[in-house]
Amino acid sequence: MRRFLTGALPFYALALLAMCMYLVLYRTNLFDLNAIVHGATGSAWFPAFMFVCVLLEAVFPYFGYFPGTALILMSVALSPKAVDGSVFVAAWLAIIVGAVLSYGQARFFRPFLQRVASKAALRRCESLFDAYGAYARIALFVHPNASAMYFTALGLLGRNLTRELAYLCVGAAAAVGILFVIVTRLVSSVGPTDDGELQLLLAAALVAIGTLVGLYTVWRTGRAV
């Protein structure tokens, strides 16, 4: 069970955050996302608006879960004609910039971590990263939060950033592309308003991915033994 949770918990945590944001955004009167997105899609500044939203989501850990990808989903579902290549590029760049910023702030705090954490704990983190780091790159294809966590771990462990940039660029493009395809092909039937179905779909997808990753972790560990 512990091995399963090692792989699955990060994705389950993201799904829980997505559900919390669903409750805040769609079950309270604090925000009217439909009005915000409808207004934004009619503006020439929409790509910049999307860049900022996804960037906030892609910087870990200060913003926790910000619904940047949910706004991509909504913008495509609510106003497909307003979404073009510029929005795709803006979201792609935002994920890359957010991951690099996550790496930078982790490197900045690394000396503090080395003072407060035991050497045994740091060695254990290093060994876990060596064992599962290659598979953690899957996170780059999944969600900006997961990508930010991966690059935060890189920074905290003092790993090289340059050789990871290619994975980041491809993963960010795939993540945004998958979001566009899912919405335009599968959930564009949401109609002119969104009551949170897309956010629930994102949470369910994260749970499914976490379960698969957890099962794979158990299977891989069992083979190694």
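Is Glu126 buried, partly exposed or exposed? Select Glu126 to begin: at 25% relative accessibility, this residue counts as partly exposed, where buried means under 20% relative accessible area, exposed over 50% and partly exposed in between, with a 1.4 Å probe and protein chains only.

Before going on, note that this is a predicted model, in which local features need pLDDT of at least 70 and side-chain atom pairs count only at pLDDT 80 or more, while totals for chains, interfaces and linings use all residues. Residues are numbered from 1 along each chain as its sequence is written, and side-chain values use heavy atoms, with hydrogens and water left out.

Arg159 lies in the loop between α7 (144-156) and α8 (165-187) and Glu126 in helix α6 (residues 119-136), so the pair ties together parts that are 33 residues apart in sequence. Helices are DSSP runs of H or I with at least four residues, numbered from the N terminus. Arg159 is buried, at 17% relative accessible area.

Now move to Ser147 in helix α7, a buried residue with a relative accessible area of 1%. Leaving aside neighbours within four places in sequence, Ser147 is in contact (heavy atoms within 4.5 Å) with Ile95, Ala99, Ala139, Leu140 and Leu168.

Finally, select Phe129, Tyr150 and Phe151, which form one aromatic cluster; Tyr150 and Phe151 are both buried.

Terms used: Helices (H or I, at least four residues) and strands (E, at least two) are DSSP runs, numbered from the N terminus. Rings of Phe, Tyr and Trp (its six-membered ring) pair if their centres lie within 6.5 Å; planes under 30 degrees apart count as stacked, over 60 as edge-to-face and the rest as tilted.
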